[in-house]
Amino acid sequence: MRTWLPLVIVVALISLGLWFTESPSKQLLGKRPTQQEHNRAADLIIRDARTRHYSTEGTLAYEVDAERVTFFQFARRDRADLTEPRMVFYQGENTKWHTESRTGVAYDNGQKVELNGDVSIMELPQPGITLRTEKITLKPREEFAETDKVVTITDGSNRTTGKGLRADLKQDKVEILSNVESSYEPR
């Protein structure tokens, strides 16, 4: 990703320069947006995005795929809206966790990612545990997840629900914070 960023910036700057030199006159542009409207506009939209993130040792740490990524305040890397994001976390060369949701928002250049709507986090390879909730916050580089919403964890026919969760995906530790109820099927 880091090697592509300068190329993307150069291409964007060249495109902007060409657009400004070839842009139509003010009469054709119509009403100019206000500064507030301009600040709310997206800086970059990418469809069918796929990024790979590596650990400090150079091994693949996680991948992020999304149907659409909309960047806001690109120069400061403040926020990116994600449509149907999917993340895969690796431990060594093996896939360990897979996440899916309807939408998401990445902040601070991906340091924190909020997943929203039908969020699922599945342990790989399946069958393994599956966590489901409506909203969760991930810190991908730390492989940490937390929520204050209701969470359901399933493992085969076993089911645990509760409110609030902290999960250290790297250490395979999951803690439900309150209102815990479980049902287990004997083997």
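Is Arg50 buried or exposed? At 55% relative accessibility, Arg50 counts as exposed, where exposed means over 50% relative accessible area, buried means under 20%, and partly exposed is in between, with a 1.4 Å probe and protein chains only. I will come back to that residue with its partners.

Some ground rules before that. This is a predicted model, with local features needing pLDDT of at least 70 and side-chain atom pairs counted only at pLDDT 80 or more, while totals for chains, interfaces and linings use all residues. Residues are numbered from 1 along each chain as its sequence is written, and side-chain values use heavy atoms, with hydrogens and water left out.

Now the overall layout. The chain has three helices and 11 strands; these are DSSP runs numbered from the N terminus, with helices being H or I of at least four residues and strands being E of at least two. In sequence order the pattern is α-α-α-β-β-β-β-β-β-β-β-β-β-β. There are 187 residues in the chain, and 32% of them are buried. Taking contacts between residues at least 6 apart in sequence, 34% join residues at least 24 apart, a contact being heavy atoms within 4.5 Å. Accessible areas come from the Shrake-Rupley method with a 1.4 Å probe, and for residues only the protein chains shown count as cover.

Next, the inside. The largest nonpolar core has 27 residues. By nonpolar core I mean a set of buried Ala, Val, Leu, Ile, Met, Phe, Trp, Tyr and Cys residues joined through side-chain atoms within 4.5 Å. The members that touch the most other members are Trp97, Ile121, Leu131, Ile136, Leu138, Ile153 and Leu165. Two or more residues each come from strand 2 (60–72), strand 3 (79–83), strand 4 (86–91), strand 7 (112–123), strand 8 (130–139), strand 9 (144–155) and strand 10 (158–168). Strand 2 gives the most to this core, five residues. To take one member, Leu131 touches Trp97, Val119, Ser120, Ile121, Val151, Thr152, Ile153, Leu165 and Val174, leaving aside residues up to four places away in sequence.

On to charges. Side chains of opposite charge can pair when their charged atoms come close. The whole structure holds 10 salt bridges, each being a side-chain nitrogen of Lys or Arg within 4 Å of a carboxyl oxygen of Asp or Glu.

Back to Arg50. Its salt-bridge partner is Asp65, with the closest N and O atoms 3.1 Å apart. Asp65 is in strand 2 and Arg50 in strand 1 (residues 44–54), 15 residues apart, so the pair links distant parts of the chain. Asp65 counts as buried because its relative accessible area is 18%.

A second pair joins the two strands. Glu63 forms a salt bridge with Arg52, with the closest N and O atoms 3.2 Å apart. Glu63 sits in strand 2 and Arg52 in strand 1, 11 residues apart. Glu63 is buried at 6% relative accessible area, whereas Arg52 is partly exposed at 40%.

Which residue pairs with Asp172 in a salt bridge? The partner is Lys96, with the closest N and O atoms 3.5 Å apart. Asp172 lies in the loop between strand 10 and strand 11 (173–183), and Lys96 in strand 5, 76 residues away. Asp172 is partly exposed, at 38% relative accessibility. Salt bridges that share partners also join Arg50, Arg52, Glu63 and Asp65 into one network.

Strand 5 covers residues 94–100, and Lys96 within it counts as buried because its relative accessible area is 14%. The Lys96 side chain makes a polar contact with the side chain of Glu123 at 3.3 Å. A polar contact is a pair of N or O atoms within 3.5 Å; within protein, one must be able to donate a hydrogen and the other to accept it, and residues adjacent in sequence count only if both atoms are side-chain atoms. Beyond four places in sequence, Lys96 touches Phe89, Tyr90, Gln91, Met122, Glu123, Leu124 and Asp172.

Trp4, Leu7, Val8 and Val11 make a nonpolar surface patch of about 390 Å². Patches are made of residues with over 30% relative accessible area and no salt bridge, with like charges joined within 9 Å and nonpolar side chains (Val, Leu, Ile, Met, Phe, Trp, Tyr) within 5 Å. Trp4 lies in the segment before helix 1 (5–22) and is exposed at 54% relative accessibility.
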